[in-house]
Amino acid sequence: MKKFSFILLGMLLLLLAACGQSAPQFRGTVLEPAEPAFDFTLIDEQGQPFTLSEQKGQVVVLFFGFTMCPDICPAALADLSAVSRELGADAEAIQVALVSLDPERDTSERLQQYVTAFDPRFKGLRGDEATLAPILKSYGVFSEQRALPDSAMGYTIDHSGFIYAIDKAGNWRILFAHGTPVEDITADLRLLAREGG
Amino acid sequence: MRNTISVILLAISSLILAACGAAPTTTPAVAPATGMALEIRDAWVRPASLAAMPMEGTAESGSGHGTMEGTAESGSGHGTMDQTTEHGAMSAGTTTAGYMVIKNSGSEPDYLVAAAADIAETIELHNVLMENDVMRMRPVEKIEVPAGGEVELRPGGFHVMFIDVTRDVKEGESIPVTLTFERAGTVEVNAVVRQP
């Protein structure tokens, strides 16, 4: 079922890529027409509720991962940290948040320790599986726990590595594939940061 | 005429330099005893922090006392240290990863089978398989270094995985890592701690 929605997302991306001409100023994949991003409330790294729709006026950048993720998540967060530095004053209008796909292990303390190591302004969000499920479905996030009997990790989470940008009006606007160059993400987020909100 | 000579000289010196091979920034490690030369370059490790409570973030929420309350609310009440010191069958500790390029000038393939360092309780060899933008991390028993070729451990691919990191691993420091190869035996390298 999860796989199915992932395939759908892939097809959607292809379709979107095909009509890319319409918004040439963005370098990521632009979602058109922009629709309101699926709203959610999760718990942040300070233990406080974080509701997406209450962030209007801010550009919200979401990445789905987990703190024991060895490799891809640190790469994405390090990239976003570099983007924030590049953005300078425009970074004030942007809120980056890691949404944990491993609520079992990722406590708020752990998330705080993890995300703030990349950037003191980053947020780490968590919620139980029932809360997460509709969010993952809506954003087309693939996430699957996989046992690793031969590893001290016990299990890992296979997951997709997209970065999602939600504009100041609360619309999901842009999707970045894993490995999108920092300068491209920076250019797009700068445009979103300078939009009226 | 002079110009021609200096161009030729430049070309010759470039060739000589090129023959020197690997980036001069890291110390090449040559495996002892067997006579098989493995050369390891560009070894690095991502920084990792065990800081139980980053203090920067607490300014808004008031005193340090406020922070402690936050800790107690969200967990067992034993405090944050449990997160990094409790070890069951399943780890929930801090992790980090190490990368390098291993070159094998010998005529037989060799295999990286283990890595050891004093910064983590468990060190494994992992690979990341990426299909349709889905990342799947998997442990591997060994990593092949092809005969007369090289293998690159890099983000999004093969890496040395440090599980349950036991101390802060700070940017700029150098971590001694002992690598064990099936044929060449052990090789010591110094991995620099840095961001990609």
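Student: How many bridges join strand β5 of chain A to β6(A), and do these strands run parallel or antiparallel?

Tutor: As a general idea, strands of a sheet pair through backbone hydrogen bonds, either parallel or antiparallel. In this predicted model, three bridges join β5(A), residues 94–100, to β6(A), and the two strands run parallel. Within β6(A), K123(A) is the residue that stands opposite A97(A).

Student: In what order do the strands of the open sheet lie?

Tutor: The open sheet of chain A has six strands in the order β1-β10-β9-β4-β5-β6, with mixed pairing. At its edges are β1 (29–36) and β6 (123–125) of chain A, each of which pairs on one side only. On average, and with direction ignored, neighbouring strands of this sheet are turned by 25 degrees against each other.

Student: Which helix packs on the sheet, and which strands does it touch?

Tutor: Helix α2 of chain A, residues 72–87, packs there and touches β4 (59–65), β5 and β9 (163–166) of chain A, while its direction makes about 160 degrees with that of β4(A).

Student: What span should the 16 residues of α2(A) have?

Tutor: At 1.5 Å a residue they should span 22 Å, and because the end C-alpha atoms of α2(A) are 22 Å apart, the two values agree.

Student: Which residues of α2(A) are buried?

Tutor: An α-helix has 3.6 residues a turn, so residues three or four places apart point the same way. In α2(A), the buried residues include I72(A), A76(A), L80(A), V83(A) and S84(A). Just after this helix, G88(A) takes a positive phi of about 55 degrees.

Definitions and conventions:
Residues numbered from 1 in each chain as written. Chains lettered and ligands numbered in written order. Predicted model: local features only at pLDDT ≥ 70, side-chain atom pairs only at ≥ 80, totals over all residues. Pairing = 2+ DSSP bridges. Helix = DSSP H or I, 4+ residues; strand = E, 2+ residues; numbered from the N terminus. Axes fitted to C-alpha atoms, helices over the stretch in contact; angles between N-to-C directions. Contact = placed C-beta atoms within 7 Å. Expected span 1.5 Å × (residues − 1). Buried ≥ 20, exposed ≤ 12 C-beta atoms within 10 Å, placed from the backbone.
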